[in-house]
Amino acid sequence: KNYEEAVKLGSYNNDDIVNRVSQKTSILKKSTDKIIRDRLTLRNLFIIQNILIDFNKRAMLDIVDIGGACGKYYFLISKFFPHIINRWIVVETSKMTKEGNKKFSDKHLQFVDDLDKALIKVNYRDLCIAQGVIQYLPKPIDYLEKILKNVVHKRI
């Protein structure tokens with residue numbers, strides 16, 4: 001019925017879900033470029049296109065990925081364009097953050113459980129990715145306003 005009820009039931013902060021997402025991400029991370037190319041969907045290509053458009057503005061990008069699981073899009077993009085990512089910060093549930101930092105973090109990819117923590121880690125906030133996650137937060141409009149105020153901005 002509401003966000004609080006979903007949290008009580010375990011929702012996305014559930015050990016089984018975290019383990020399954022982690023396993024899938026491990027497979028993706030180890031995949032060859034050909035396998036990844038074969039898996040790309042139109043949605044994936046749209047995200048990559050937006051990142052490349054922004055790439056023209058700076059040499060390397062700082063990206064905030066809200067609800068980015070264990071870094072799926074980081075691994076997709078870094079396979080093809082490793083030189084464009086400065087920092088990729090995934091904002092996730094506490095359990096997913098713990099799993100991501102334990103198994104997948106590197107010098108570019110990190111996981112945090114709060115948007116404010118992500119904003120501290122990135123300087124330029126070039127791009128924010130939030131796919132199908134904001135509507136599941138307790139106050140989605142407030143969260144979206146926070147993103148627009150703190151992540152999306154014009155640079156001179």
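This is a predicted model: local features need pLDDT of at least 70, side-chain atom pairs count only at pLDDT 80 or more; totals for chains, interfaces and linings use all residues.
Let me start in helix H6, where Lys 103 and Glu 99 both lie, four residues apart, about one turn of the helix; helices here are DSSP runs of H or I with at least four residues, strands are runs of E with at least two, and both are numbered from the N terminus. The side chains of these two residues meet in a salt bridge at 3.2 Å, N to O, the term meaning a side-chain nitrogen of Lys or Arg within 4 Å of a carboxyl oxygen of Asp or Glu.

Residues are numbered from 1 along each chain as its sequence is written, and side-chain values use heavy atoms, with hydrogens and water left out.

Is Glu 99 buried or exposed? Glu 99 counts as buried because its relative accessibility is 9%, where buried means under 20% relative accessible area, exposed over 50%, and partly exposed in between, with a 1.4 Å probe and protein chains only. Lys 103, by contrast, is partly exposed at 43%. Glu 99, Lys 102 and Lys 103 are linked in a network of salt bridges.

The whole structure holds five salt bridges. Another of them joins the side chains of Lys 95 and Asp 15 at 3.3 Å, N to O, and this pair links distant parts of the chain, with Lys 95 in helix H6 (residues 94–103) and Asp 15 in helix H2 (residues 15–30), 80 residues apart. Lys 95 is partly exposed at 34%, as is Asp 15 at 46%. Lys 117 and Asp 113 also meet through their side chains, at 2.6 Å, N to O.

I turn now to Asp 65, which is placed in strand S1 (residues 61–66) and counts as buried because its relative accessibility is 2%. Its side chain makes a polar contact of 3.2 Å with the side chain of Trp 88, a polar contact being a pair of N or O atoms within 3.5 Å, where within protein one must be able to donate a hydrogen and the other to accept it, and residues adjacent in sequence count only if both atoms are side-chain atoms. Leaving aside neighbours within four places in sequence, Asp 65 is in contact with residues including Tyr 73, Trp 88 and Ile 129, contact meaning heavy atoms within 4.5 Å.
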